[in-house]
Amino acid sequence: MNLEGFRVCLEAGHGYHDTMEYDPGAVAHGFEEHKLNVAQVEHVAKLLEAQGCAVTKVICRSSNGLALSKRGLQAAGHDLFLSFHHNAANGKAQGTEVLMHLMGTLSDAGFAASLSKRIANHLGYFDRGMKKQSLGVLRQVPKEVKAAVLVESYFMDNTALAGTDLEALSLKAADAAAEGIADYLVKNCKPRKQIIVEPKKVDIGPSEPKKVELPKMPWKK
Ligand SMILES: [Zn+2]
């Protein structure tokens, strides 16, 4: 798909906060949720950028820890904001869900529901669907952003999974997420045209600095 002119902001859940404390998110089968979230952001970004989409990645490492509210603010100027997470509960639950903020819009709801369905179908898991929650990372997303959601691709603590399954499963979910994003952009958002301003003829100066003739042997002057 041609995604030129669209802008998407992708955030990897957890990691470093403004306090410089590291938050791994859920830890299951010896794997940290944050690392899987980062893998998804990188993968989705790569797939979207290959189609011409402009992508901002919010990955909070030790050098750039951010509070949740500041992460949401990074969405300014983008068409979509997605926060990537993985679920964990009691080791038995499984399925995909996509969350939106309690005070979110109809666009958030529509995008969340369609994305949840697409990821669930792709993984072969139950679609738990769209859910509303008061989420710090979504609260500060500027209103002009068409839709803002938090993706929980699957339950990483499910006992039917092994640690070695997790990354491949996350990337598989990311494939579906990228398709869902591309589909939503084309159907619901307007690409921003790139404006190339050509300088007027009179404004054009010499293309190279003027050469100044220097005396060849100034000491002989
Ligand atoms: Zn999380």
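User: Within how many Å do the axes of helix α3 and α5 come, and at roughly what angle do they cross?
Analyst: In this predicted model, the axes of α3 (residues 106–123) and α5 come within 9 Å and cross at roughly 140 degrees, which makes α3 oblique to α5. Oblique is what remains once angles under 35 degrees are called roughly parallel, over 145 roughly antiparallel and 65 to 115 roughly perpendicular. Axes are lines fitted to C-alpha atoms, for helices over the stretch in contact, with angles from 0 to 180 degrees between N-to-C directions. Helices (H or I, at least four residues) and strands (E, at least two) are DSSP runs, numbered from the N terminus.

User: Which residues of α3 and α5 make that contact?
Analyst: On the α3 side they are Phe111, Ser114, Leu115, Arg118, Ile119, His122 and Leu123, and they meet a set on α5 that includes Leu169, Lys172, Asp175, Glu179 and Tyr184. Contact here requires C-beta atoms, placed from the backbone, within 7 Å.

User: And what about α1 against α5, at roughly how many degrees do they cross?
Analyst: Helix α1 (residues 33–49) and α5 cross at roughly 40 degrees, with their axes coming within 8 Å, so α1 is oblique to α5. From α1 the contact takes Leu36, Ala39, Gln40, His43, Val44, Leu47 and Leu48, while the α5 residues include Leu166, Glu167, Ser170, Leu171 and Ile181.

User: Changing topic, in what order do the strands of the open sheet run?
Analyst: The open sheet has 6 strands in the order β6-β1-β7-β10-β8-β9, with mixed pairing, where two strands pair if DSSP finds at least two bridges between them. At the edges are β6 (54–58) and β9 (127–133), each of which pairs on one side only. Direction ignored, neighbouring strands of this sheet are turned by 25 degrees against each other on average.

User: How many bridges join β1 to β6, and what is the partner of Glu11?
Analyst: Strand β1 (residues 7–12) is joined to β6 by 5 bridges, and the two run parallel; Glu11 has Val58 of β6 as its bridge partner.

User: In what sense do β8 and β9 pair?
Analyst: They pair in the parallel sense, over 6 bridges, with β8 covering residues 96–101, and Met100 has Lys132 in β9 as its bridge partner.

User: Which strands does α5 lie across?
Analyst: Helix α5 (residues 163–188) lies across β1, β7 (80–87) and β10 (147–155), and its direction is at about 155 degrees to that of β10.

User: What numbering and confidence limits apply?
Analyst: Residues are numbered from 1 along each chain as its sequence is written. Since the model is predicted, local features need pLDDT of at least 70 and side-chain atom pairs count only at pLDDT 80 or more, whereas totals for chains, interfaces and linings use all residues.

Notes:
Two residues are in contact if their C-beta atoms, placed from the backbone, lie within 7 Å.
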